[in-house]
Amino acid sequence: MMGIIGAGRMGTALARVLAAAGVPTALCTARCDRPAADPPPDCTPATLDDVLWHTDPVLLALPFPVAVGLVSGPAGRCGDGRILIDATNPGFCRDRVVPPGLSGGELIASAATGWRTVKAFNTVPAEHLAATRIGGGTVTLPVAGPADAKPPVFDLAGRLGFEPVDVGGIESSREMEALAVLMARVSAAYDLHGRIGIRIAELDRSPVGRGADVAG
Ligand SMILES: NC(=O)c1ccc[n+]([C@@H]2O[C@H](COP(=O)([O-])OP(=O)(O)OC[C@H]3O[C@@H](n4cnc5c(N)ncnc54)[C@H](OP(=O)(O)O)[C@@H]3O)[C@@H](O)[C@H]2O)c1
């Protein structure tokens, strides 16, 4: 069963689409004492301990400072090699929470020593997780982290209708987190209300290029 920590907009929206896609999902808050209050249909309300000890993969849908604080404690050591998906975006925090040249994903990965940390789902807006088509193609979902931890995340992304793309090691979180900020700026500038996505794909091969026009 998959686990999600954080029952705000992102955690609840992800739980909803995962459950709808037939992925058994447990949802909890980061507060030890109570399970998520109002989980979406077909999603299991759980405590933080349930999720930390009994689900795989576990996805962090918390404000970055809360997420890094959580995995800096015992929660960061209990993974036994399970997969931790970091969906946070430190770029939206009021204060600078990540030193220049680093990323939230790298900080989460180095704190969560008991887990294999994969950065994913930070570039898709909570309100439009079900909208996975863009310009006649499929929305790209960048995935960064250790090679042996990525296949299950690719599987999840595919089940939700995204096209996962391997963007390298966890250090690629730097670009993924910057991309999320850029997308939010464009969304605001063009009044898209978060209805924004990216597609990274090979260009069509055109038989007639500029040079051919000139020569021909
Ligand atoms: N929203 C999006 O479109 C989107 C998309 C991609 C990635 N993300 C990332 O996902 C993460 C969550 O975003 P969100 O939009 O879901 O935020 P949100 O709606 O504000 O939800 C945040 C969650 O974190 C919990 N939380 C906040 N402070 C806490 C604390 N001190 N201790 C324990 N729990 C605490 C809240 O629990 P309580 O309600 O119990 O306080 C809530 O469940 C962020 O890192 C964000 O950048 C968001």
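## The ligand and its shell

The residues of the shell around the ligand comprise 13 nonpolar, 5 polar and 4 charged ones. The structure described here is a predicted model. In this model, 22 residues surround the ligand, and the closest of them are Arg9, Met10, Arg31, Leu62 and Ala126. Two helices take part in the shell: helix 1 (9–20) and helix 3 (64–71) each supply at least two of its residues. The space that the ligand takes is the largest pocket.

## Backbone atoms beside the ligand

Which residues place a backbone N or O atom beside an oxygen atom of the ligand? Alanine 126 is one of them, with a distance of 2.8 Å. For glycine 8, a backbone N or O atom lies 3.0 Å from an oxygen atom of the ligand. For asparagine 89, the corresponding distance from a backbone N or O atom to a ligand oxygen is 3.2 Å. Taken alone, the ligand exposes 890 Å², and the protein buries 71% of that area.

Glutamate 177 is located in helix 6. Is this residue, glutamate 177, buried or exposed? Its relative accessibility is 7%, and glutamate 177 therefore counts as buried, since the term applies to residues under 20%. The side chain of glutamate 177 reaches the backbone nitrogen of glycine 105, at a distance of 2.8 Å.

Glutamate 202 has its place in the loop between helix 6 (173–189) and helix 7 (210–215). Glutamate 202 counts as exposed because its relative accessibility is 59%, and the cut-off for this class is over 50%. The side chain of glutamate 202 makes a polar contact with the side chain of arginine 205, at 2.6 Å. Proline 41 is 161 residues from glutamate 202 in sequence, and the two C-alpha atoms are 38 Å apart in space.

## Backbone geometry

Most residues other than glycine have a negative phi, and most peptide bonds are trans. Several places in this model may be read against that background.

Where does proline 57 lie? Proline 57 is in the loop between helix 2 (48–54) and strand 4 (58–60). The peptide bond that joins aspartate 56 and proline 57 is cis, with an omega of about -5°.

The loop between helix 6 and helix 7 holds aspartate 191. Aspartate 191 is a residue other than glycine, yet its phi is positive, near 55°. With a relative accessibility of 57%, aspartate 191 counts as exposed. Histidine 193 also lies in the loop between helix 6 and helix 7. Although histidine 193 is not a glycine, its phi is positive at about 50°. Its relative accessibility is 66%, so histidine 193 counts as exposed.

## Distances along the chain and in space

Alanine 188 has its place in helix 6. Because its relative accessibility is 54%, alanine 188 counts as exposed. Alanine 188 and aspartate 204 are 16 residues apart along the chain, and 30 Å separates their C-alpha atoms.

Alanine 131 is found in the loop between strand 6 (116–119) and strand 7 (133–134). How exposed is alanine 131? Its relative accessible area is 32%, so alanine 131 is partly exposed; that class lies between the limits of 20% and 50%. Leucine 160 is 29 residues from alanine 131 along the chain, and the C-alpha atoms of these two residues are separated by 9.6 Å.

Valine 165 has its place in strand 10, which covers residues 163–166. Valine 165 counts as partly exposed because its relative accessibility is 21%. From C-alpha to C-alpha, valine 165 and alanine 201 are 9.3 Å apart in space, while 36 residues separate them in sequence.

How values were computed:
Residues numbered from 1 in each chain as written. Predicted model: local features only at pLDDT ≥ 70, side-chain atom pairs only at ≥ 80, totals over all residues. Heavy atoms only, no water. Near = heavy atom within 4 Å. Polar contact = N/O pair within 3.5 Å; in protein donor to acceptor, adjacent residues only side chain to side chain. Areas by Shrake-Rupley, 256 points an atom, 1.4 Å probe, with all protein chains shown as cover. 1 Å grid on protein atoms, 1.4 Å probe; cavity = no way out; pocket = protein on both sides within 12 Å on 5 of 7 lines; lining within 4 Å. Sits in = over half its atoms within 2 Å of the grid points. Helix = DSSP H or I, 4+ residues; strand = E, 2+ residues; numbered from the N terminus. Nonpolar A, V, L, I, M, F, W, Y, C, P; charged D, E, K, R; others polar. Buried < 20%, exposed > 50% of the residue type's maximum accessible area, 1.4 Å probe, protein only.
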